[in-house]
Amino acid sequence: MRYAMFVLGLFIGALGCVLAIKANLGVAPWDTFHIGLQKTFGLTIGIWSQIVGLAVIFSSYLIAKIKPTFGMFLNMVCFGSFLDFILWLDVVPELTSLWSQLAMFLLGLVVMNIGIGMYLSPRLGAGPRDSFMLAMNERLGWSIQKVRLIIEVTVLIAGAALGGPVSIGTVLIALLTGPMIQRTIPFWQSVMKKQYGLLEPIERRAS
């Protein structure tokens, strides 16, 4: 059941990302990078997500000896595959009205963060990018908040240079993701605690 919750959370998170992509109002910095790579070099967004994830996993090990886990690889493979599968199904329409685009984007943001809470609640391992953030935090001694900001600004600039989308949605994701995750994670933790005996909450790391 823990793995079922983990994989389902990744699928829902990927669905939220697709909704944000289709809304054409901007995406998260890492997605900007993946889309920029896709536009420049071909392949799919999901495959680039997997390639970058693999590179990040090994970078985390080289920088701070953070050993790859099964959950980390499962996260990388499933999320990229789900992303491409949902895009391939083409069930999310392209919208032209600004208000409908905004509604789809906000829906995608909510769905994405519900998925994040679901996949983190079973405590089977953080994703490659979170592990890289922790590796940089350990090596440089900077706060998590500072390291995350530097990494995301760097990948955002790189993604924009490659032709990835940057818009108001990118700012909204940066501002709203943190507060929303603070609500979705405790909810799914309580579900896992009541149903499957996961008694200890995920530790909150100081910023």
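This is a predicted model: local features need pLDDT of at least 70, side-chain atom pairs count only at pLDDT 80 or more; totals for chains, interfaces and linings use all residues.

Me: Where is Gly-13 found, and why does Gly-13 count as buried?

Reply: Helices are DSSP runs of H or I with at least four residues, and strands are runs of E with at least two, numbered from the N terminus. Gly-13 is found in helix α1. Buried means under 20% relative accessible area, exposed over 50%, and partly exposed in between, with a 1.4 Å probe and protein chains only. Gly-13 counts as buried because its relative accessibility is 6%. For a sense of distance, Gly-13 and Ala-174 lie 161 residues apart in sequence and 16 Å apart in space, C-alpha to C-alpha.

Me: How do the axes of α1 and α5 cross?

Reply: Axes are lines fitted to C-alpha atoms, for helices over the stretch in contact, and the angle between N-to-C directions runs from 0 to 180 degrees. The axes of α1 and α5 come within 7 Å and cross at roughly 160°. Angles under 35 degrees count as roughly parallel, over 145 as roughly antiparallel, 65 to 115 as roughly perpendicular, and the rest as oblique. The two helices, α1 and α5, are therefore roughly antiparallel to each other.

Me: Is the crossing of α1 with α5 left-handed or right-handed?

Reply: A crossing is left-handed if the near helix is turned anticlockwise from the far one by less than a right angle, and right-handed if clockwise. α1 passes α5 in a left-handed crossing. For residue classes, Ala, Val, Leu, Ile, Met, Phe, Trp, Tyr, Cys and Pro count as nonpolar, Asp, Glu, Lys and Arg as charged, and the others, Gly among them, as polar. By class, the contact of α1 with α5 has 18 nonpolar, six polar and one charged residues.

Me: At what angle do the axes of α3 and α4 cross?

Reply: Helix α3 (residues 45-64) and helix α4 (residues 70-89) have axes that come within 7 Å and cross at roughly 165°. That makes α3 roughly antiparallel to α4. The crossing of α3 past α4 is right-handed. Residues making the contact include Gly-46, Gly-53 and Ile-57 of α3 and Met-76, Gly-80 and Leu-83 of α4. The contact of α3 with α4 divides into eleven nonpolar, six polar and one charged residues.

Me: Which residues touch the most other members in the largest nonpolar core?

Reply: In soluble globular proteins, nonpolar side chains tend to be buried together. A nonpolar core here is a set of buried Ala, Val, Leu, Ile, Met, Phe, Trp, Tyr and Cys residues joined through side-chain atoms within 4.5 Å. The largest nonpolar core has 38 residues, and Leu-10 and Leu-83 touch the most other members. At least two residues of this core come from each of α1 (2-23), α4, α5 (98-120) and α8 (168-196). Helix α1 gives the most to this core, eleven residues. Apart from this core lies another, of twelve residues, among them Phe-33, Leu-37, Trp-48 and Val-52.

Me: Is His-34 buried or exposed?

Reply: His-34, in helix α2 (residues 29-41), is buried, with a relative accessible area of 2%. Leaving aside neighbours within four places in sequence, His-34 is in contact with Ile-45, Trp-48, Ser-49, Val-52 and Arg-129. Thr-32 is also placed in helix α2, and at 0% relative accessibility Thr-32 counts as buried.

Me: What is the phi of Asn-24?

Reply: Asn-24 has a positive phi of about 60° although it is not a glycine. Asn-24 lies in the loop between α1 and α2 and counts as partly exposed at 47% relative accessibility. Leu-43, another residue other than glycine, has a positive phi near 60°, and its place is in the loop between α2 and α3.

Conventions:
Residues are numbered from 1 along each chain as its sequence is written. Side-chain values use heavy atoms; hydrogens and water are left out. Contact means heavy atoms within 4.5 Å.
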